[in-house]
Amino acid sequence: MVMGKRGRASAREVCRVLAVFLSLFPHVSLQCKILKCNSEFWASTSNSGPEEEFCTALRVYNSCVRRTARTCRGDLAYHSAQHGVEDLMSQHNCSKEGPTSQPRAGTPLPPPPPPLPPDSQERSDGPEVCHYERSLPRHTAPPNYTHCGFFGDPHLRTFGDDFQTCKVEGAWPLIHNKYLSVQVTNTPVVPGSLATATSKLTIIFKNFQECVDQKMFHAETGELPAAFADGSKNGGDRHGANTLRVVEKVPGQHVEIQARYIGTTIVVRQVGHYLTFAVRMPEEVVNSVEDGDNQDLYLCLHGCPANQRIDFRNLRVGEAEPHSAARTRSSSSTGAQGFTYQSAKARCKERLPVEDLYFQSCVFDLLSSGDVNFTMAAYYAFEDVKMLHSNSERYHIFEKDTLMGSAAPRGTCVLSLLFLNLLAVLLWTECCVPTTSWCV
């Protein structure tokens, strides 16, 4: 790798160390904004420039770190940033007193490059190994793409199209294979309730040949960034870096991460106070498990553990009036109204006219939380299915699909028992005749 000035290398190393700390300690409080300070500093020092500008960026960084002192006290990432900026200022003889705005701010930016024709960037950037479909052997069948979604209370659609509602409070892995890891953190929606929703999401893309450097994307309630944790928007300095990139669709609400080198697209949204996750991934990548890794808790592949699932199939008219205590807590904490079964159905019908499991999950979330934002979470989850799922006939999942899937093993066992019983009766009939004394 070609290195720039000594100062730039040191700054880059500091940011990478901070990124590692953030990935190891995902429990940073929602109020601590040290990640934002880190990203802004990285962005301001990514291009080479005069030493004075680097010192100015360090002063801005130092000021940002100092502002987070109260909310980040006791956080390891904060203390690492605090010591790191002091070391850099000492190393480059930067005074703590001085300008805190860049002198080149008034210089007009160059015009943006003309838009590329469709797929031209994919053909021109990086070797073929950095583009999943083009790296496949010739004359092979096209890859089979699968989808996983995680949204709402939370509800999980696995790569195998199983639909589950789960408790899973705390940190849980959604995906973990040779190429990337995804972890969510779920917090209670209403105090004392089993209902939880996703408040944090961390995605780590691992180093891949000559294509991309390791990158981490971290989002949490109130902060959906348009870049990786180090401030960059692509896979680094390698020739295939643009095969991994972050694209902001709606600021603070909708981000898409395109990882062409593994044929994967990830959609992250913030809807109300919580995050949603959706992914499109080739089956080969889904099953690329590291040797020796325990994949039992890989939710997108195996679903939620049985003891973490919530069965809402008994949600019927007359059975699902909201509990008064939960409704009171919800109204006082979020300002949302309480719902009856009928009013929840009417609200969900506005966005989800087909009464599939996305519709049912919407009704369940309104009854359990009273938060109307969950209506939009279910709506966008289904919109992401239409964009990411490879089989249009499987967009909707109905209750009968889930019941048939769960009943199939039991049906097989019942048939087997019947067959064995019938075989036993036939054998007894054949052997036990009046002339045989040993059957008596």
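A crossing of two helices is called right-handed if the near helix is turned clockwise from the far one by less than a right angle. Keep that in mind for a pair of helices further down. What you're looking at is a predicted model, and its protein chain comes to 14 helices and 12 strands. Of the 440 residues in the chain, 46% count as buried. If you take contacts between residues at least 6 apart in sequence, 61% of them join residues at least 24 apart.

Let's start on the inside. The largest nonpolar core has 44 residues, and the ones touching the most other members are Ile-175, Ile-203, Phe-205, Phe-217, Ile-257 and Phe-277. Strand β11, residues 274-282, gives this core its largest share, with four residues. Click on Phe-205 and look beyond its neighbours within four places in sequence: its contacts include Tyr-179, Leu-180, Phe-228, Leu-244, Ile-257 and Ile-266. Asp-213, Gln-214 and Lys-215 are also among the residues in contact with Phe-205. There is a second, separate core too, made of 20 residues, and Phe-163, Leu-352, Val-363 and Leu-366 are among them.

Two of those names, Val-363 and Leu-366, come back in the helix pair promised above, where they belong to the α12 side of a contact with α11. The axes of α11 (residues 341-351) and α12 (residues 357-369) come within 9 Å and cross at roughly 130 degrees. The crossing is right-handed. On the α11 side, the contact is made by Tyr-341, Ala-344, Lys-345, Arg-347, Cys-348 and Lys-349, while α12 brings Phe-359, Cys-362 and Leu-367 as well.

Now for helix α3, residues 51-67. Its 17 residues reach 25 Å from the first C-alpha to the last, close to the 24 Å expected at 1.5 Å a residue. Buried residues in α3 include Phe-54, Cys-55, Leu-58, Tyr-61 and Val-65, but also Glu-53, Arg-59 and Asn-62.

In the loop between β1 (145-151) and β2 (155-157) you'll find Pro-154, joined to Asp-153 by a cis peptide bond with omega at about 0 degrees. His-139, in the loop between α7 (132-135) and β1, isn't a glycine, yet has a positive phi of about 65 degrees. Asp-161, in the loop between β2 and β3 (163-166), isn't a glycine either, and its phi is positive at about 70 degrees. Are these two residues buried or exposed? His-139 is exposed, with a relative accessible area of 84%, whereas Asp-161 counts as buried at 15%.

How values were computed:
Residues are numbered from 1 along each chain as its sequence is written. This is a predicted model: local features need pLDDT of at least 70, side-chain atom pairs count only at pLDDT 80 or more; totals for chains, interfaces and linings use all residues. Side-chain values use heavy atoms; hydrogens and water are left out. A nonpolar core is a set of buried Ala, Val, Leu, Ile, Met, Phe, Trp, Tyr and Cys residues joined through side-chain atoms within 4.5 Å. Buried means under 20% relative accessible area, exposed over 50%, partly exposed in between (1.4 Å probe, protein chains only). Helices (H or I, at least four residues) and strands (E, at least two) are DSSP runs, numbered from the N terminus. Contact means heavy atoms within 4.5 Å. The expected span of a helix is 1.5 Å times one less than its number of residues. Axes are lines fitted to C-alpha atoms, for helices over the stretch in contact, and angles run from 0 to 180 degrees between N-to-C directions.
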